[in-house]
Amino acid sequence: MLKILNVVGARPNFMKIAPIVAEIARRPARLSQMLVHTGQHYDDAMSDSFFRDLSLPAPDLNLEVGSGTHAEQTARVMLAFEPVLLDVRPDWVVVVGDVNSTLACALVAAKLGCRVAHVEAGLRSFDWTMPEEINRILTDRISNLLLTPGAGADQNLKAEGIDPGRIVRVGNVMIDTLFGQLEQASPAMLDRLQLKPRTFAVATLHRPSNVDDAETLAGIMAALGVIAEQLPVIFPAHPRTLARLDQFRIDIPAGVEVIEPLGYCQFLGLWSQSRLVLTDSGGLQEETTALGIPCLTLRENTERPVTVTEGTNQLVGPDRNRIVAGAKIALQSEVKTGRIPELWDGRAAQRIVNALDEAAPNR
Ligand code: UD1
């Protein structure tokens, strides 16, 4: 029996682990698993609601580390995770994505000689000012099995001198969840906000580089205000963003509706019906490409370039004028419909679990 310990910590992890947990559960004769939540995200809206929406079993263990500086958060996860690993001694520690919990748990496991598999390996923005870039590069360097979403990620890893024998291209597991949940997408938000499909835009914003600087955040909000003269902009705001809007006393422009962070199915029901998405999220760049919704990314770079080269994504950065110009083009002209990249087929979790099984120790 192969023992797999899955780790989650923050909101963007839950939709990546859910199909893996479900796939492992389909193979009870060969595989056993446990789920550890570090507690990096802890609010109902940021965590528990995702467990409900995605039918994730409650975590076997919650390390309850909570918020803090990067060093505090990373260190707290490491301190709490080490005794768990010493006790459980799994055959695999599976970490996903690029949040602080991902790196912290990978580091503890590597030091204890536990094998680590990194799901979503090989993404690179080449922007070292992004905390996630540091998390990605270090996690990949110490993982035994690098499960990549596409050819670009494989190339990035090989360019860093990583042994190709450690790389398995499995596709985009987040798209497994997206396709699996489409029918459950909730119309509740359209009803509540009295919106008709394709008549509104959706904005999300949470990167420190966009929201922690008053001038940058004010410029982005002003751009949303200009766009809102044309169509309403619904803005489910991350707790960090809400706090900054308040702290910097930035007025919410007319036509921009700031609402609470939404659960997976409510949010899917909203953005999948929108005319345009404006975001600095990584995942949403991919999800909009998968459903052919135009997306403006309020960043200068992306670790997911296939969404630009093949999908519906366009990088416009955080500059007010560029955001407005990008939106104008997206709303006026025929936008590129894009195409769905290779291996975004809803079956990545199967390939991931196959790879864990095949690359397991002593097999
Ligand atoms: C983290 C990830 C980021 C991911 C994002 C999704 C890192 C380095 N960053 O950023 O990659 O895109 O999650 O949200 O791991 N807070 C709450 N309730 C919660 C969680 C957070 O109110 O449940 C507030 C706290 O004030 C906290 C702040 O949000 O200080 C930021 O949370 P944190 O986990 O530090 O980072 P995120 O910005 O969410």
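This is a predicted model: local features need pLDDT of at least 70, side-chain atom pairs count only at pLDDT 80 or more; totals for chains, interfaces and linings use all residues.
At what angle do helix H4 and helix H5 pack?

Residues are numbered from 1 along each chain as its sequence is written, and side-chain values use heavy atoms, without hydrogens and water.

H4 (residues 100-111) packs on H5 (residues 131-142) at about 25°, with the axes 9 Å apart. Helices are DSSP runs of H or I, at least four residues, numbered from the N terminus. Axes are lines fitted to C-alpha atoms over the stretch in contact, and angles run from 0 to 180 degrees between N-to-C directions. The pair is therefore roughly parallel (an angle under 35 degrees). H4 passes H5 in a left-handed crossing (the near helix is turned anticlockwise from the far one by less than a right angle).

On the H4 side, the contact (heavy atoms within 4.5 Å) uses Asn100, Thr102, Leu103, Ala106, Leu107 and Ala110. H5 supplies Asn135, Leu138, Thr139 and Ile142. Six of these residues are nonpolar, four polar and none charged. Nonpolar covers Ala, Val, Leu, Ile, Met, Phe, Trp, Tyr, Cys and Pro; charged covers Asp, Glu, Lys and Arg; the others, Gly among them, are polar.

## H3 and H4

The axes of H3 and H4 come within 8 Å and cross at roughly 45°. H3 and H4 are therefore oblique to each other. The crossing is right-handed (clockwise).

H3 brings His70, Gln73, Thr74, Val77, Met78, Phe81, Glu82 and Leu85. They meet Asn100, Ser101, Ala104, Cys105, Leu107, Val108 and Ala109 of H4. The contact has nine nonpolar, five polar and one charged residues.

## Largest pocket

A pocket is an open set of points on a 1 Å grid over the protein atoms alone, where a 1.4 Å probe fits, with protein on both sides within 12 Å along at least five of seven lines; lining residues have an atom within 4 Å of a point. The largest has a volume of about 1,100 Å³ (the space filled by probe spheres set on the points). It is lined by 49 residues, and Arg11, Pro12, His41, His206 and His238 are the closest to its centre. Elements giving two or more residues include H1 (11-25), H3 (70-88) and H5. The lining divides into 22 nonpolar, 16 polar and 11 charged residues.

## Second largest pocket

This pocket has a volume of about 290 Å³. Of its 18 lining residues, Gly150, Ala151, Gly152, Ala153 and Val306 are the closest to the centre. H6 (residues 151-159) gives the most, with four residues. The lining has eight nonpolar, four polar and six charged residues.

Key: Angles under 35 degrees count as roughly parallel, over 145 as roughly antiparallel, 65 to 115 as roughly perpendicular and the rest as oblique.
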